[in-house]
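Have a look at the structure first, then we'll talk it through.

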Amino acid sequence: MSLWLQRMRGAVGMGLLWAAAWFGAGLALLLVVGVDAADVPFPLGFGMLGFFAGVCFSGVLVVAEGRRRFDQMSLPRFAGWGAVGGVLFSVVFAGLAGLAGALPVLATVFGLAGAGSAAGTLVVARMATDGAVPRTGTARRVISSP
């Protein structure tokens with residue numbers, strides 16, 4: 001597989017991971033605020049924003065860190081790049097949605113959400129490499145003695 005295909009697969013994977021987390025945050029916020037039939041797509045919107053923010057963060061990470069692996073980066077540095085990705089995404093989002101007046105608020109919210117999501121991503125990635133997270137699709141062979 002070519003390097004660019006691997007990077008695109010990684011960006012989509014990062015986007016899906018962030019989409020799931022942001023969807024959960026949207027559900028929690030919906031439960032706190034109250035359930036209304038008109039607000040049902042609210043978590044889906046959060047998930048969509050999370051996907052695009054995760055893809056944006058993945059691009060920032062490729063440009064900024066190049067060939068470094070996750071285990072070679074510190075948690076604060078990774079979270080910092082997540083904040084940069086979140087702010088960059090807020091600029092693009094505000095420009096496309098015509099919300100330039102709300103950019104300071106959007107940049108703050110998306111920056112903090114990006115930093116938190118990036119930190120969570122790194123923690124999960126480190127747990128997976130340490131074997132703390134079970135891998136799906138792998139069967140363990142048990143050999144029993146007679």
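**Salt bridges and a nonpolar patch**

A: Start here: glutamate 65 and arginine 77 make a salt bridge, with their closest N and O atoms 2.6 Å apart. Its two ends sit in distant parts of the chain, glutamate 65 in helix α2 (residues 42-65) and arginine 77 in helix α3 (residues 75-97), twelve residues apart. Keep in mind that this is a predicted model.

Q: How do I decide what counts as a salt bridge, and how many does the structure hold?

A: Look for a side-chain nitrogen of Lys or Arg within 4 Å of a carboxyl oxygen of Asp or Glu. The structure holds two.

Q: Which residue does arginine 68 form a salt bridge with?

A: Glutamate 65, and here the closest N and O atoms are 3.4 Å apart. Through shared partners, the salt bridges join Glu65, Arg68 and Arg77 into one network.

Q: Is glutamate 65 buried or exposed?

A: The cut-off for buried is under 20% relative accessible area. Glutamate 65 has 7%, so it is buried. Arginine 68, at 40%, counts as partly exposed, and arginine 77 is partly exposed too, with 38%.

Q: Now the greasy part: which residues make the nonpolar surface patch?

A: For a patch, you want residues with over 30% relative accessible area and no salt bridge. Here Leu29, Val32, Val33 and Phe42 make one of about 380 Å².

Q: Where does the largest share of the nonpolar patch come from?

A: From helix α1 (residues 3-33), which gives three residues. Phenylalanine 42 is in helix α2 and, at 34% relative accessibility, counts as partly exposed.

Methods:
Residues numbered from 1 in each chain as written. Predicted model: local features only at pLDDT ≥ 70, side-chain atom pairs only at ≥ 80, totals over all residues. Heavy atoms only, no water. Buried < 20%, exposed > 50% of the residue type's maximum accessible area, 1.4 Å probe, protein only. Helix = DSSP H or I, 4+ residues; strand = E, 2+ residues; numbered from the N terminus. Patch = residues over 30% accessible without salt bridge, like charges linked within 9 Å, V, L, I, M, F, W, Y side chains within 5 Å. Areas by Shrake-Rupley, 256 points an atom, 1.4 Å probe, with all protein chains shown as cover.
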